[in-house]
Amino acid sequence: MTTAHPDPATHGLDVYIVGGAVRDRLLGLPAGDRDWVVVGSSPEEMARRGFIPVGGDFPVFLHPKTKEEYALARTERKSGRGYKGFTFYAGVDVTLAEDLKRRDLTINAIAQAADGRLFDPLEGQADIRARVLRHVGRAFVEDPVRLLRLARFAARFHDFSIAPETLALAHQLVTDGEVDMLVPERVWREVVKGLSTAQPGRMFQVLDLTGALARVMPGLIFDQAIYAQLAAAALANLPVASRFALLCRLSARPEELANHLRAPTECRDYARLLPSVLQVVAKDTRETVAGKPGGSPSGDPLEECLALLERCDALRKPARFLDLLDAAACVVDVNTAIWRERVSAVRSIDAGAIAQACRGEPEKIKIALREARLTALAKLMKRGV
């Protein structure tokens, strides 16, 4: 029997896996990225072993081969407002217990040694068994990011309750104004993670309950209907952009909210377009149920259909339009098969052939192309499609 050679980079170091990897293993969830904490070492020793420094405010290093993150054990002290208002100390005398005490929730404050032993001074395992999200200590009120993380973990672990005393501290972060120090980019980073969970709505429910929602996402209107629609979107495995569009669909200015959060262009576009899609497809569904496929007492159905496809740029970006239809289906009944046929019919028109036939007359090309697309839609609608 052969014995594996020890890793020369970590051999002799006092290292532990900490945080999410330990928590998820205890919950029986798939293992994600591992984060390591190193006790009793120094930046000089880590560099000598080949670790690559990447930390800004405190010493964090990448393993020379695996590229996993190794952070020196540290303590932190509040020195200003907001989530950046901290002074860190990462001396060789910082203990594992002191490092774990600076973390946000007890379920994230468990360490595992190389031999598998668990170090759990804050009883995170008990809270995992009890399905409770509980803060580590009073320092919870010093960092507003912890409120965002609490809300996000409430969405990810939706069968966990929140300890009343933790919820009280979350309220304090709002009343003390600490939450107002969060920059939009940091809020967006947590929002994306929350939207990616199985119950995204719970994140915003918790933020609303603590009074933080209006502060970090001004103008957002959130209610139980949105909660249910986000759950449907998660069940359908819709992309984050679709979920974000559903989240802010009741807001008066979804584009402004997206801009405030510095959301990516894709998310901004989905938020901007979904209200138009909902308006047209809901009307289309009502009239189909009434026995008038595509009929419209208030406007030409062909014109409305084509206008929507053009507004959403469905001819060039059909996948995005279909995503928007799937998002709309979380709100109203949508016959996506019919709309897929309509997109295909309009996209099948040979614009090149029309341009050739109308060569030298640009305005005529535009009119002929539109008429051809309307004719294609008319043929479908005559068949009830």
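Both F51 and Y70 are buried, where buried means under 20% relative accessible area, exposed over 50% and partly exposed in between, with a 1.4 Å probe and protein chains only. The model is predicted, so local features need pLDDT of at least 70 and side-chain atom pairs count only at pLDDT 80 or more, whereas totals for chains, interfaces and linings use all residues. Residues are numbered from 1 along each chain as its sequence is written, and side-chain values use heavy atoms, with hydrogens and water left out.

## Aromatic pairs

A pair of aromatic rings is described by the distance of the centres and the angle of the planes. Rings of Phe, Tyr and Trp (its six-membered ring) pair if their centres lie within 6.5 Å; planes under 30 degrees apart count as stacked, over 60 as edge-to-face and the rest as tilted. Eight aromatic pairs are found in a search of the whole structure. Two of them are set out below.

| Pair | Centre to centre | Angle between planes | Class |
|---|---|---|---|
| F51 and Y70 | 5.1 Å | 65° | edge-to-face |
| F204 and F222 | 6.1 Å | 50° | tilted |

F51 lies in the loop between α2 (43-48) and β3 (52-53) and Y70 in strand β5 (residues 69-72), so their pair ties together parts that are 19 residues apart in sequence. Helices (H or I, at least four residues) and strands (E, at least two) are DSSP runs, numbered from the N terminus. Ring pairs also join W36 with F51 and Y70 in a cluster.

The pair of F204 and F222 likewise links distant parts of the chain: F204 belongs to helix α8 (residues 201-210) and F222 to the loop between α9 (213-216) and α10 (224-235), 18 residues apart. F204 is buried, with a relative accessible area of 0%, and F222 is buried at 13%.

A charge sits over a ring if NZ of Lys or CZ of Arg is within 6 Å of the ring centre and within 35 degrees of the ring normal. R152 lies over the face of F153, at 4.6 Å from the ring centre. The charged end of R342 sits over the ring of W339, 4.6 Å from its centre.

Helix α16 (residues 336-347) has 12 residues and spans 16 Å from its first C-alpha to its last, close to the 16 Å expected at 1.5 Å a residue; the expected span is 1.5 Å times one less than the number of residues. Its buried residues are I338, W339, R342, V343, A345 and V346. They cover an arc of only 165° around the axis, which puts them on the same side of α16; the arc is that of the directions from the helix axis to the C-beta atoms.

## Buried sites

In helix α11 (residues 240-247), seven of the eight residues are buried, so the helix is largely enclosed by the rest of the structure. The buried residues of α11 are A241, S242, R243, F244, A245, L246 and L247. S251 lies in the loop between α11 and α12 (254-260) and is buried, with a relative accessible area of 6%. Not counting residues up to four places away in sequence, S251 touches G219, L220, I221 and L257, contact meaning heavy atoms within 4.5 Å.

R102 is located in the loop between α3 (96-101) and β8 (111-113). At 13% relative accessibility R102 counts as buried, and apart from its neighbours within four places in sequence it is in contact with R74, E76 and R146.

## Positive phi values

Most residues other than glycine have a negative phi. K67 has a positive phi, near 65°; this residue lies in the loop between β4 (60-62) and β5 and is partly exposed, with a relative accessible area of 43%. Phi of E123 is also positive, near 60°. E123 is found in the loop between β9 (118-119) and α4 (124-130) and is exposed, with a relative accessible area of 54%.

## Overall form

The protein chain contains 18 helices and 11 strands. Its radius of gyration is 27 Å, well over the 21 Å that the globule rule gives for 385 residues, so the chain is more spread out than a compact globule. The radius is taken over C-alpha atoms, and the rule is 2.2 Å times the number of residues to the power 0.38. Along the principal axes, the C-alpha atoms fill a box of roughly 80 × 50 × 45 Å. Buried residues make up 48% of the 385 residues. Of the contacts between residues at least 6 apart in sequence, 66% join residues at least 24 apart.
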